[in-house]
Amino acid sequence: MEQIKKLFSAKYKRFWLALMFVCLIAAPFVTSNLQKRVMTTIFIYCLLSMGNMLISGHAGMLNMGQAAFYGVGAYIAAIMQLNYGVPFILCFIVAGLGAGLCGFLVSIPCLRLDTDFLSLITTAFSYIFLAIVRNWMSVTRGPMGLTAIPPIELFGYKFSGATSIYFLLLGIVVVCYILMNNIVNSRIGRAIQATRDDSIGAQSVGVKADLYKVLAFVIGTTLAGFAGALYASYIGYISPNNFVYDTSLTIMQMCIIGGLGSMPGSIIGAAFFVVMPELIRPLAVYRVGVGGIIMIAFMLFRPQGILGSRAFACSTGIQEKLKQKHMEWKMRKQRAERAGEGVR
Amino acid sequence: MSEHVMEAQNIKMYFGGVHAVDDISVYVDKNEILGIIGPNGSGKTTLVNVLTGIYTPTEGKCLFNGQDITGKKLQNMTGLGIARTFQNLRIFKALTVMDNILVGQHLTISNSPWDILFHGKHYRETERKARERAMEALELVGLEKNADDFAGAIPYGAQKRLELARALVMDPRLLMLDEPTAGLNGVESEELMMLVKEIQQRNQISIILIEHNMKLMMKLSDRVLVMDAGREIALGVPAEIQSNPVVIKAYLGEG
Amino acid sequence: MNTELNYFLQTTSNGISLGSMYSMIAVGYSMVYSLLYQVNFAHGDLYVFGTFIAFSFISMALPLPVAILAAGLLTALIGMTIERTVYRPVRYANRIVPMISALGAALVLRTAAQIIWGPEAIAFPQFLPGGSFNLGGFTLFHKNIIVLLFATALVVGLTWIMNHTKFGRATQCIVENMEAAQLMGIPLNKIIPLVYGLGGFFGVIGGIMYSGYYGVISIDMGIWGTVKAWAAAMLGGVGNFYGAFLGGLILGVSETFAGAYISSAAKEALGYIVIVLVLVFRPNGLLGKKKVVKV
């Protein structure tokens with residue numbers, strides 16, 4: 001056990017990263033098209049969950065509307081391409097900015113609110129967004145959705161095959177991951193996390209708490225916008241059903257199971273929640289329920305998620321309690337032994 | 001203009017009908033430790049909260065080096081050179097001890113957005129310096145071994161010292177300590193206060209200190225302000241305070 | 001009476017009915033929420049499950065009051081079981097943890113409902129009496145009045161329970177300060193499951209009213225109900241039953257009016273816009289107490 005732990009220590013981090021990278025590069029050459037599509041879906045969710053991780057994990061503002069920001073990006077990109085024939089790269093950027101702007105607007109009222117109210121506001125945004133896209137027939141074509149969105153084209157190269165899209169998205173995810181990680185491990189990231197842990201404490205060291213909350217929200221939702229633009233062009237069809245509240249909840253779950261406050265956790269969480277339903281597909285109708293049970297089991301036995309830090313979960317959950325009980329039992333036993341010695 | 005480091009002029013802080021701080025005027029000079037004592041609920045913490053901008057006073061003025069800072073926000077105080085600790089610990093529990101200190105250097109670390117995104121040379125340089133400085137601060141309070149532990153996981157006394165180190169790393173000219181020894185045992189509080197005194201003399205800073213431990217207070221403070229029910233009942237050097245009949249009455253009862 | 005006014009009155013009465021049903025669901029939610037300050041994602045799926053049970057009982061030709069009561073009690077039991085297995089072990093953990101385990105419980109309940117009753121929407125017997133009063137051209141349906149009366153009775157009754165019974169006072173103690181309550185010898189592990197049970201019970205009554213009023217039930221109503229109940233409870237102010245009642249009414253009336261006078265799109269969106277506006281100007285809800293942050 002110790003040796004296994006040692007293998008995953010910081011010393012071997014570079015080795016594991018290199019190995020993972022090689023696997024990711026080699027993967028499309030040995031996998032089926034379906035598997036490639038699953039991987040690509042994971043990449044899109046990676047962007048979403050990374051964004052949400054910054055907002056919910058690092059800034060501590062439980063964002064229940066990530067799917068709506070995702071949708072804003074997707075619809076902006078799709079409409080720009082379909083109606084005005086704007087090149088993809090521009091749509092991509094505008095989609096990110098548009099979602100970021102929405103994020104900015106949503107975060108402003110959130111500054112005055114407690115966690116739960118904030119979750120409610122983002123939930124409300126999610127539903128308002130859905131109501132708009134479902135009913136603004138002339139632009140979004142309502143529940144029918146937008147079809148025939150052209151595939152991604154960059155500098156004259158069309159990304160239409162599964163492999164090419166795979167590599168494009170892999171590249172984007174890697175770049176975004178590095179940037180996000182850099183942000184988190186910088187002055188800004190620390191300020192964001194400090195604000196989450198103690199807003200007044202953060203202000204007392206000169207951190208402009210409100211500014212960093214808004215900043216985290218804008219960065220996180222911008223990523224969702226990017227993901228939306230990519231998704232729209234990748235699938236070629238979007239409808240309101242892609243951006244329902246359940247999707248937001250799934251993204252939230254990815255972050256929590258991955259481990260709130262851990263960027264790599266958001267990647268693991270995304271992979272987990274895309275792959276798990278595929279794996280338990282044979283369970284058919286029981287699938288959702290099994291997913292639920294897995295979530296409950298996680299919360300009971302590892303509330304900090306796969307990679308989250310114990311400190312963040314601040315847990316006195318079942319594990320801690322068992323540990324405490326064990327300690328008490330040990331102490332009682334020792335005391336009893338000592339008493340026994342005394343008698344002798 | 002007299003050069004008091006901080007001067008409070010006729011501060012009044014009312015919450016509805018509650019007069020938490022009622023007409024307090026006090027000043028701190030350079031290199032001076034001003035102690036504030038008083039029974040619980042006498043408005044000591046509220047006074048400090050007003051001075052650090054958490055509350056805007058109902059009436060009165062705060063001057064810092066002659067500059068009017070009344071109504072300035074807490075987050076802007078650090079830039080002026082005012083740092084504080086809190087009665088009920090406001091450390092960042094889910095960050096490591098090291099990161100806590102690095103957050104304390106928020107204003108001194110300057111990075112462009114470009115640096116932050118790509119971790120360029122300048123970033124690495126500033127980060128290295130910041131870490132060195134943080135390590136010095138941690139050594140000062142004896143926490144260097146805990147640098148990588150989560151702040152929420154270290155013992156209470158260590159957390160108190162961590163908060164002090166976080167305040168010190170900001171290079172304040174005025175430090176406000178709100179019950180730094182609350183919850184510590186006798187030896188620990190003695191050590192902590194000796195540390196405070198040492199730092200104060202070395203860095204030539206002024207300190208406003210709220211404390212219940214009378215013995216320590218009298219030993220450390222240059223002057224002491226005694227509050228009761230939001231009002232000043234005495235202000236002077238420790239010897240005076242100790243023999244002041246009003247103070248004795250307030251503390252020892254009518255007998 | 002002119003048609004304009006008639007339409008307005010009709011919309012108002014419809015809105016109040018919808019609002020009453022929201023508030024019935026929200027009251028149960030508010031109860032649980034005020035206790036542990038936990039966003040309870042299972043509430044919606046729990047009451048929908050209970051409503052399905054009621055549907056089965058009614059199909060078995062059980063008398064209506066018996067069916068409702070039995071479904072309510074069964075749901076309360078399920079609610080208590082969920083509390084015991086899913087919430088209690090994580091009660092003292094970071095607040096996100098119980099929230100997510102509740103979501104897990106919701107998914108399990110939803111799947112169970114889907115397996116037993118199928119994924120499609122089912123016609124629910126419209127048991128509310130169909131008669132109406134005619135007030136000079138304006139028809140006021142009996143069922144509108146019944147629903148409102150029911151909701152009012154529920155809120156008044158619950159508030160009475162909270163203020164005048166031993167159980168209610170114990171609950172309030174826990175709301176105020178859980179640790180102190182425990183030290184005073186209030187049996188947390190009896191009171192908290194009971195509150196969860198009661199929350200489920202009243203949720204089911206709201207759910208049955210809703211399904212009886214509109215004549216439909218489906219498993220999709222779960223997450224929808226959770227969000228509506230959450231919104232109504234927060235809108236009115238946490239832990240205040242009159243607040244939840246008021247919040248539900250505001251939500252129902254504003255939605256119905258938007259639907260009647262603007263468009264069906266506005267119907268879906270307006271309720272949420274109202275919530276955002278209210279929370280921006282009153283961050284603790286309409287009747288909520290301001291929390292004092294001690295520095």
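Analyst: Start with one pair: the side chains of Arg110(C) and Asp246(A) meet in a salt bridge, at 3.5 Å from N to O. A salt bridge here is a side-chain nitrogen of Lys or Arg within 4 Å of a carboxyl oxygen of Asp or Glu. Side chains of opposite charge can pair when their charged atoms come close. Across the interface of chain C and chain A, the rule finds 1 salt bridge.

A word on the ground rules. This is a predicted model, where local features need pLDDT of at least 70 and side-chain atom pairs count only at pLDDT 80 or more, while totals for chains, interfaces and linings use all residues. Residues are numbered from 1 along each chain as its sequence is written, chains are lettered from A and ligands numbered from 1 in the order in which they are written, and side-chain values use heavy atoms, with hydrogens and water left out.

Polar contacts come next. Between chain C and chain A the count is 1 residue pair in polar contact, both at pLDDT 80 or more. Such a contact is a pair of N or O atoms within 3.5 Å; within protein, one must be able to donate a hydrogen and the other to accept it, and residues adjacent in sequence count only if both atoms are side-chain atoms.

Which helices of chain C each supply at least two residues of the side that touches chain A? They are H3 (64-87), H4 (96-117), H9 (221-236) and H11 (264-281). Helices (H or I, at least four residues) are DSSP runs, numbered from the N terminus. H4(C) gives the most to this side, with 14 residues. The residues on the side of chain C that touches chain A divide into 35 nonpolar, 9 polar and 4 charged. Ala, Val, Leu, Ile, Met, Phe, Trp, Tyr, Cys and Pro count as nonpolar, Asp, Glu, Lys and Arg as charged, and the others, Gly among them, as polar.

Now the whole interface. The contact (heavy atoms within 4.5 Å) takes 48 residues from chain C and 45 residues from chain A. Together the two chains bury about 4000 Å², 75% of it on carbon and sulfur atoms. Buried area is the accessible area (1.4 Å probe) that two parts lose on being put together, summed over both. In chain C, Ile100(C), Trp230(C) and Tyr272(C) lose the most area to chain A, together 13% of what that side buries.

Finally, step back to salt bridges. Over all chains the count comes to 16. One joins Asp198(A) to Arg90(B), with the closest N and O atoms 2.9 Å apart. Asp198(A) lies in the loop between helix H9 (187-197) and helix H10 (199-204) of chain A, and Arg90(B) in the loop between strand E6 (82-84) and helix H3 (97-104) of chain B, so this pair joins two chains. Strands (E) need at least two residues.
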